[in-house]
Amino acid sequence: DASDIEKGTYPHYMLKEIDEQPAVVRKIVQTYRNEQGDLNIDEGIVKAMNDADRIYIIAAGTSYHAGLVGKQFIEKLAKVPVEVHISSEFGYNMPLLSEKPLFIFISQSGETADSRAVLVEIKELGYKALTITNVPGSTLSREADYTLLLHAGPEIAVASTKAYTAQLAVLAILAEVTAKSRGMNVDFDLTQELGIVANAMDVLCGAKEEFEEIAREYLATTRNCFFIGRGIDFYVGLEGALKLKEISYIQAEGFAGGELKHGTIALIENGTPVVALATQESVNLSIRGNVKEVAARGANPCIISMKGLETDEDRFVIPEVHGLLTPLISVIPLQLISYYAALHRECDVDKPRNLAKSVTVE
Ligand code: G6P
């Protein structure tokens, strides 16, 4: 309940929750470590993951965006095929299911009605479900076979921030533990890499003036803004666009870099802000090619790259983390830019118009 949780010296819950992200990642690592220091997930869950021939992730909003990244974690590390579905679409548009599906529900609140409707339906079909949620005892947790908790502490601001990064951290741990139990080679130490992520988050949370400046420069008066990226950066761009829409009411969309030329580029006008994420070595040249294409048509590009991949044209360079884990930190500049854009435009940051923290009607 919002009334029991203090904002302390923070002007808004959203800013407080953004700042809590390094501590949340550290808490998750600590909580999921066993006495030997290994990352550990309940045996029943690992068995369910291993028994599945395909995983179906079901979620809405920001949790859906976390699911898109989670698919990459699970497929790349554990080599189990994953589909990600928007819960409100799944019900009447059910895909052909595999022989042995496992359903993973991702929900900060554990109360989203559209997700619950899918859970009820797949339980009737006799399938197993795992819920990843921030709220112990929530409906989706109680009605699923298994639960993994986010340990992010209550999230009050309507725009989700720390729950997203917590979802990614827990999904990474689930993917790693499953991979190891399947005998897959994981060639990095996730505990250590998540420690590096938490430190990088500290750096980003300490660079607020920079993001305030970017927000003022690009977003103070614009009517729209695009986010582009390729691969995992594309999914973070979707989340960045959602944050901006939710709290600043700027029309914002995330696009895959390669899709631009198939329509979206027609929307570029003189001065249109285009935030480009460049954290992935394999697509670094291609995304920079897309930036040139939009810049040639008058766009105002804002490149956010990662240390090691940076060039002189970049507006901000995030610290280097493991290539698979970049979404945990590249999202923070986007959260902060949205926050300051909303402030500039005098919007109600914590309680944006027309939105609810959890949507409990279908
Ligand atoms: C609402 C919230 C979003 C959230 C979505 C899913 O629309 O405003 O921030 O991402 O519901 O919520 P859940 O609790 O299921 O993650």
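Analyst: Strand β6 (residues 224–229) and strand β7 are joined by six bridges and run parallel. Strands here are DSSP runs of E with at least two residues, and helices are runs of H or I with at least four residues, both numbered from the N terminus. Two strands count as paired if DSSP finds at least two bridges between them. Within this pair, Phe-226 has Glu-253 of β7 as its bridge partner.

A word on the basis. This is a predicted model, in which local features need pLDDT of at least 70, side-chain atom pairs count only at pLDDT 80 or more, and totals for chains, interfaces and linings use all residues. Numbering starts from 1 along each chain as its sequence is written.

Now the whole sheet. It is open, has five strands and pairs them in parallel, in the order β7-β6-β8-β9-β10. At the edges sit β7 (251–256) and β10 (316–318), each pairing on one side only. From one strand to the next, the twist averages 20°. Angles run from 0 to 180 degrees between N-to-C directions, with axes as lines fitted to C-alpha atoms, for helices over the stretch in contact.

Next, the helices. Helix α10 (residues 208–219) lies across β6, β8 (273–278), β9 (300–306) and β10. Its direction is at about 155° to β9. Helix α13 (residues 326–344) also packs on the sheet and touches β8, β9 and β10. The direction of α13 makes about 150° with that of β10. Contact means that the C-beta atoms of two residues, placed from the backbone, lie within 7 Å.
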